[in-house]
Amino acid sequence: MGDVGFSYTLDEALSAIGFGKFQFIVLAYSGLGWVAEAMEMMLLSFVGPAIQPEWGLSSSQESLISTVAFAGMLIGAYSWGVVSDSYGRKKGFLGSAIITSGAGFLSAFAPNYISLLILRFFVGIGLGCGHVFTSWFLEFVPIPNRGAWMVVFSTFWTVGTIMEAALAWWIMPNYGWRLLLGLSAVPSLLALVFYPLVPESPRYLSTQGRLTEACYILTKGAQLNKKELPEGLLVSDHVNKIETDDELSESSLLLSSIRNKTSDSQRRSSSVFMLFSPKLIRTTVLLWFLYFGNTFSYYGIILLTSQLSIGQSECEQPTLLAENIQDSSLYVNVFITSLAELPGLGIAALILDRVGRKISMEIMTVAGFILLLPLVLHQNAILTTIFLFGARMFISANFIVVCIYAPEVYPTSLRATGVGIATAIGRIGGMVCPLIAVGMSSNCHQTLPVILFEVTILLSGLCVVLLPFETKGRELVDVIDLPVQNVQVD
């Protein structure tokens with residue numbers, strides 16, 4: 001707050017109201033969005049192997065079920081990012097919940113392979129909004145311990161993967177894949193039901209010049225947290241930066257003009273081309289590959305778990321695939337490796353705000369590479385599960401840190417778009433990984449897929465080293481160096 005209490009910024013308001021009941025409501029809803037995405041993605045490990053013998057599919061047709069979902073996510077990630085930056089975060093949530101829940105439930109009744117592919121594609125489009133939940137929650141969190149709270153938010157993804165693995169363990173052997181598809185769509189339906197209860201991002205409203213609405217939401221938040229907002233008027237962070245103590249009255253007169261000009265500049269800065277501005281181009285390109293590499297590796301390990309679990313019994317004692325699907329060892333192995341994300345989250349929470357985002361990502365990348373390396377050669381079932389457990393622990397933790405870093409590095413005016421495009425690039429990795437993990441690991445051949453995953457992990461580590469910014473302890477910015485100092489009153 002200014003020395004004379006004339007104005008305060010959004011970051012000052014969030015620091016004043018602290019982290020309380022208001023943020024827990026936001027955390028619960030954004031976490032629900034991530035649980036929904038995690039469950040829909042995890043079921044790909046179970047549905048493909050179950051449908052293949054039932055419908056007589058080839059391995060390439062089986063992998064296509066996962067690939068079309070990632071293709072939909074590629075389109076959705078970009079589209080929901082643009083929608084959220086242009087019309088508000090909540091608009092993205094609404095569209096996503098409608099499409100995901102609708103297509104998800106209809107998938108359970110798909111009469112044939114083609115209809116299932118179409119419906120899973122639309123589920124993927126809806127799931128593409130997942131990154132907006134991250135940006136939305138981030139915009140409510142005060143700077144102190146922001147990294148730790150973002151890790152707490154990320155636990156919802158892990159909860160979703162564990163829930164799906166446990167649900168599949170119970171449902172698949174007894175009731176089949178259709179019931180699993182229907183139940184996995186329930187979190188998306190709940191997101192639709194609770195949609196009217198959640199607030200729009202005050203940071204987004206501030207960048208749009210809707211400061212009255214932003215102030216109203218902050219006031220409600222302060223009441224819920226039983227705190228007081230700073231005295232004075234809420235102004236955008238950018239406006240506050242140009243104020244000085246001896247120019248407050250002049251600043252007050254210029255405020256309206258500056259807001260209008262700033263709003264125009266913000267709309268221009270929302271363009272995709274701003275991601276290639278001199279200050280962002282290096283970060284943007286490196287983040288694109290980081291998202292590609294982490295998506296490719298993370299989902300590759302998940303799909304490898306189910307494929308190698310089935311493959312162990314096929315390689316050691318050939319049998320029918322349909323019998324392997326009924327074998328509980330598949331679900332046990334996937335469930336155990338899903339639990340690996342819990343210690344990964346603990347490690348991330350422990351070091352993220354201590355050593356920073358970049359060093360955390362470097363540690364996770366190296367550890368994941370080392371633990372996946374032994375699987376270049378065929379191992380017994382116990383060692384395979386142990387190495388997959390360790391690799392998933394660190395690769396998932398690394399992915400979480402990347403998902404925290406990206407929204408922090410982009411300004412509010414293009415945060416959802418920037419992260420959305422990076423997420424869309426990542427989904428290309430998701431589209432490719434089923435072809436590698438499912439197609440190439442069939443017939444007891446696992447060496448080449450694992451080598452490809454290892455090379456990708458190494459290149460991702462190199463990208464981390466080259467990232468120009470560390471975001472630990474930094475304030476979120478709203479715009480990119482807008483030249484408001486040249487604003488003149490006519």
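Rings of Phe, Tyr and Trp (its six-membered ring) pair if their centres lie within 6.5 Å; planes under 30 degrees apart count as stacked, over 60 as edge-to-face and the rest as tilted. In this predicted model, local features need pLDDT of at least 70 and side-chain atom pairs count only at pLDDT 80 or more, while totals for chains, interfaces and linings use all residues. Residues are numbered from 1 along each chain as its sequence is written, and side-chain values use heavy atoms, with hydrogens and water left out.

Ring pairs join F19, F24, W34, F70, F137, W149, F153, W157, Y291, Y298, Y299 and F399 into a cluster.

| Pair | Arrangement | Centre to centre | Angle between planes |
|---|---|---|---|
| F93 and F133 | stacked | 4.3 Å | 10° |
| F121 and F122 | edge-to-face | 5.8 Å | 80° |

F93 belongs to helix α5 (residues 89–107) and F133 to helix α7 (residues 130–138), so their pair ties together parts that are 40 residues apart in sequence. Helices are DSSP runs (H or I, at least four residues), numbered from the N terminus. Both F93 and F133 are buried, whereas F121 is partly exposed, with a relative accessible area of 25%, and F122 is partly exposed at 40%. Buried means under 20% relative accessible area, exposed over 50%, and partly exposed in between (1.4 Å probe, protein chains only).

Y291, a member of the ring cluster, also stands out in the largest nonpolar core: of its 131 residues, F46 and Y291 touch the most other members. Such a core is a set of buried Ala, Val, Leu, Ile, Met, Phe, Trp, Tyr and Cys residues joined through side-chain atoms within 4.5 Å. Helix α20 (residues 381–409) contributes the largest share of this core, 16 residues.

Methods
Helix = DSSP H or I, 4+ residues; strand = E, 2+ residues; numbered from the N terminus.
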